[in-house]
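This briefing covers a few local features of one chain. Keep the structure open while reading.

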Amino acid sequence: MYKILLKQDLVPNIHLFKIEAPAVAKKAQPGQFVVIRIDEKGERIPLTVADWDKAEGSVTVVCMEVGTTTRRLATLSTGDSIADFVGPLGIPTHIEKFGTVCCVAGGFAVAVVMPIARALREKGNKVISILGARNKDLLFWEDELRSVSDQLIITTDDGSYARKGLVTEPLKELVESGEKVDRVIAIGPSIMMKFCAKTTEPFGVKTIVSLNPIMVDGTGMCGCCRVSVGGATRFTCVDGPDFDGHQVDWDLLFARQRTYLEEEKRSLEQWQHQCGDYS
Ligand SMILES: Cc1cc2nc3c(=O)[nH]c(=O)nc-3n(C[C@H](O)[C@H](O)[C@H](O)COP(=O)(O)OP(=O)(O)OC[C@H]3O[C@@H](n4cnc5c(N)ncnc54)[C@H](O)[C@@H]3O)c2cc1C
Ligand code: FES
């Protein structure tokens, strides 16, 4: 069992879990993920490592509630345990001195971007971060991201905080501005990543996205996480999760993400019925 050393509610539907997992902490690198299972009957879900502490033997993940497993996880507290915490999985994000890198984070993905931005900065890159959320109440880790960025731009869809609009607007202005941007790393909801890639494509700025298809084993065996990149079939769990956003077949990704929508809906209704939660 893997003990929850700390559970913290970052915003109402996004939670931080610091898990005791020394073997994972020893090897974790930016951009990698773990596959967790709450108990032996639970579904496996992937979550990206947001932070790790080798000395303490802990790994931090940040989870947004969307369906049965993420909502079940949200009911756990500091001191509880989960059955499985497997990783680190996937290929780490490619970090080197590129020059100027723009890191775009949407929603919960600020937690995913944090270790990447930090590692890029440590390599001597100029890091310009763009952080977007639907509204002020869903924003977190603004100060943390600012501390690893040379510049931070914040957007909210509804204008309730900072600049009103989508992350693609300051991204477009940046690539149009004449400032040499050597790479963009965009992580968040698939639709956001698609439009970040579409924004940079005409300017020829390499844009890395972290894909989030359905996964089961996370080790290249089941084929669930199949995506098409540059016309070739790739398995996100072993060939990614980072890919060139200009090469991703986004329509295929969206279609495959919807495969089990009915089952996911039924599963959530069943769980809510069992625990009397009709929210
Ligand atoms: C490599 C990888 C890393 C990931 N890292 C993180 C992370 O660090 N933090 C985190 O919160 N999530 C992360 N995810 C997504 C997370 O794994 C899913 O949200 C989770 O599996 C959903 O399980 P569920 O049972 O709660 O919901 P399901 O019943 O599987 O899905 C419920 C509903 O949510 C939708 N949904 C599924 N996945 C997502 C998603 N990613 N975003 C928005 N809606 C979705 C489904 O289409 C469905 O409508 C990652 C996914 C991948 C592939
Ligand atoms: S999750 Fe099974 S092959 Fe990638």
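A residue counts as buried when its relative accessible area is under 20%, with a 1.4 Å probe and protein chains only. By that cut-off, six of the seven residues of strand β5 (residues 58-64) are buried, so the strand is mostly covered. The model is a predicted one.

**Strand β5 and its partners**
- Strand β2 (residues 14-20) runs antiparallel to β5, and seven bridges join the two.
- Within β5, Met-64 stands opposite Ile-14.
- Strand β4 (residues 45-53) is also antiparallel to β5, with four bridges between them.
- Asp-51 has Thr-60 of β5 as its bridge partner.
- β4 and β5 form a hairpin with four residues between the strands.
- Gly-57 in this hairpin takes a positive phi near 75°.
- In a regular strand, side chains alternate between the two faces of the sheet.

**Helix pair α6 and α8**
- Helix α6 (residues 190-200) packs with helix α8 (residues 250-257) at an angle of about 180°, and the axes are 11 Å apart.
- Angles over 145 degrees count as roughly antiparallel, and α6 and α8 are therefore roughly antiparallel to each other.
- On the α6 side, the contact is made by Ser-190, Ile-191, Met-193, Lys-194 and Ala-197.
- On the α8 side, Trp-250, Asp-251, Leu-253, Phe-254 and Gln-257 make the contact.
- The contact residues divide into six nonpolar, two polar and two charged.

**Cis peptide bonds**
- Gly-87 and Pro-88 are joined by a cis peptide bond, with omega about 0°.
- Pro-88 is found in strand β7 (residues 84-89).
- The peptide bond from Gly-240 to Pro-241 is cis as well, with omega near 10°.
- Pro-241 lies in the loop between α7 (236-239) and β16 (242-244).

- Trp-141 is not a glycine, yet its phi is positive, at about 60°.
- The loop between β9 (126-133) and α4 (142-147) holds Trp-141.
- Trp-141 has a relative accessible area of 16%, so it counts as buried.
- Ala-162 has a positive phi near 55°, and it too is a residue other than glycine.
- Ala-162 is placed in the loop between β10 (151-156) and β11 (163-164).
- Ala-162 counts as partly exposed because its relative accessibility is 47%.

How values were computed. Residues are numbered from 1 along each chain as its sequence is written. Chains are lettered from A and ligands numbered from 1 in the order in which they are written. This is a predicted model: local features need pLDDT of at least 70, side-chain atom pairs count only at pLDDT 80 or more; totals for chains, interfaces and linings use all residues. Side-chain values use heavy atoms; hydrogens and water are left out. Axes are lines fitted to C-alpha atoms, for helices over the stretch in contact, and angles run from 0 to 180 degrees between N-to-C directions. Angles under 35 degrees count as roughly parallel, over 145 as roughly antiparallel, 65 to 115 as roughly perpendicular and the rest as oblique. Contact means heavy atoms within 4.5 Å. Ala, Val, Leu, Ile, Met, Phe, Trp, Tyr, Cys and Pro count as nonpolar, Asp, Glu, Lys and Arg as charged, and the others, Gly among them, as polar. Buried means under 20% relative accessible area, exposed over 50%, partly exposed in between (1.4 Å probe, protein chains only). Two strands pair if DSSP finds at least two bridges between them.
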